[in-house]
Amino acid sequence: MRSIWNGAISFGLVSIPIKLVNATESHSVSFRQIHTQDGGRIRYRKVCELEDREVSQAEIGKGYEEADGTIVPITDEDLAHLPLPTAKTIDIVAFVPADRIDPLQLEHAYYLAANGASAAKPYTLLREALRRSNRVAIAKFALRGRERLGMLRVVDDVIVMHGLLWPDEIRAPQDAAPDVEVSVRDKELDLADALMDTLGEVDLADLHDEYREALEEVIAAKTSGETPPEAPQPATGGKVLDLMAALENSVRAAKQSRGEAVGETDEGTEATAEGGEEAGEDEEAEEAEVRHLPRRKSAASRTAASRTASGKAGTGKAAQTDKATAKKTTGAGASRKTASRTAQQKQPSKEKKTARTGTGKTAAKKTTTSPKKTAARKRTA
């Protein structure tokens, strides 16, 4: 790896010669500007305004423009003689816990490589001291024309330096917060937690730049004269009515993408399709449905109803015919007496039946009492 800066780490009275190497690299696809009519390259030429001619890189230097447009030349010798100890030195000023550093301050990352055999021992000493203390070093260094802030930490067996923004370069976040007050319910938080648990963790090594891969496929297709692949149609989903429904659908989709069985959602966490109400509230609404109670019947109505039910269950058309015959023969009074006697008597004995059959009146009584007993049994039932 090519170094971009040579200097030393100042660790108290210890000086460690190091080389600064970029720890990251960009894999983005670069484009050139072309003339759309003929495909010719568009190039920028560096031209001197006073002489109106193109100049080479060797003829180009630095200058500072004043407010009135005056240019003050600044040479490399001027920068080399800056009254700063960090011009060629990474000056460690403090050691702090790593959680004291706000990730908003992190910039580019650099590997610090030991420069020469004499730097191996102090380099290893600083590395092991950082590792054992579980702290990071805060340092100042000068790079690309300005002084910067850095954080030194250990990655495997290498000291890594992260460029840090100065605290006054971080904007206040208050203006980015919502202007209105929003209350979040516990059930919404529970669904958000369930979604996070369902998505789970991921190995960052498995993630890749799909945009760059798709762009490379388009370039390869056009290079070979083929038709570029078509963009997939975006999924058209239904309108999300509330946050609970969105969270619930997200949990289901995440489980399905992982091949997990999608079961019923816990009670009280499902969102309804209208108004953002919960399923538990809908169940209560169903239980509170008005149901009309049957009206109470009078005593006479209940008696008539019971008699009607008994008559229907006990007999058919033949029973009705016997009842009519009994009324014609004996009359209403005899029927009431026979009904009361029949209710008091359970089952006549064989002796009474024998005594009655010995007279000539028995046949007539049998003829008249048989329908009477049938009618009486109907009423007493």
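With which side chain does the side chain of Ser-28 make a polar contact? The partner is the side chain of Ser-26, at 3.0 Å. A polar contact is a pair of N or O atoms within 3.5 Å; within protein, one atom must be able to donate a hydrogen and the other to accept it, and residues adjacent in sequence count only if both atoms are side-chain atoms.

The model is predicted: local features need a pLDDT of at least 70, side-chain atom pairs count only at pLDDT 80 or more, and totals for chains, interfaces and linings use all residues. Residues are numbered from 1 along each chain as its sequence is written, and side-chain values use heavy atoms, with hydrogens and water left out.

**Confidence**

The pLDDT, which is the predictor's confidence in each residue from 0 to 100, averages 74 over the protein, and 65% of the residues score at least 70. Over residues 264-303 the pLDDT is below 50, and this stretch has 33 contacts in the model beyond near neighbours in sequence. A contact means heavy atoms within 4.5 Å. Residues 308-340 also stay under 50, with 20 contacts beyond four places in sequence. Where pLDDT is low, the predicted coordinates should not be read in detail.

**Overall make-up**

The protein has 10 helices and 11 strands. These are DSSP runs numbered from the N terminus, with H or I over at least four residues for helices and E over at least two for strands. Of the 381 residues, 20% count as buried, where buried means under 20% relative accessible area, exposed over 50% and partly exposed in between (1.4 Å probe, protein chains only). Among contacts between residues at least 6 apart in sequence, 60% join residues at least 24 apart.

Two strands pair if DSSP finds at least two bridges between them.

| Strand | Partner | Bridges |
|---|---|---|
| β9 (residues 135-143) | β10 (residues 146-155) | 7 bridges |
| β10 | β11 (residues 158-164) | 7 bridges |
| β8 (residues 106-114) | β11 | 5 bridges |

Because 6 of its 7 residues are buried, β11 is largely enclosed by the rest of the structure.

Helix α4 covers residues 210-223, 14 residues in all, and reaches 20 Å from its first C-alpha to its last. This is close to the expected 20 Å at 1.5 Å a residue, the expected span being 1.5 Å times one less than the number of residues. At the N-terminal end, Asp-209 caps α4, with a side-chain oxygen 3.2 Å from the backbone nitrogen of Tyr-211. Just after α4, Gly-225 takes a positive phi of about 80 degrees.

Ser-28 is found in the loop between β2 (14-22) and β3 (47-48). Ser-28 is exposed, with a relative accessible area of 51%. Ser-28 and Glu-213 are 185 residues apart in sequence, yet their C-alpha atoms are 10.0 Å apart in space.
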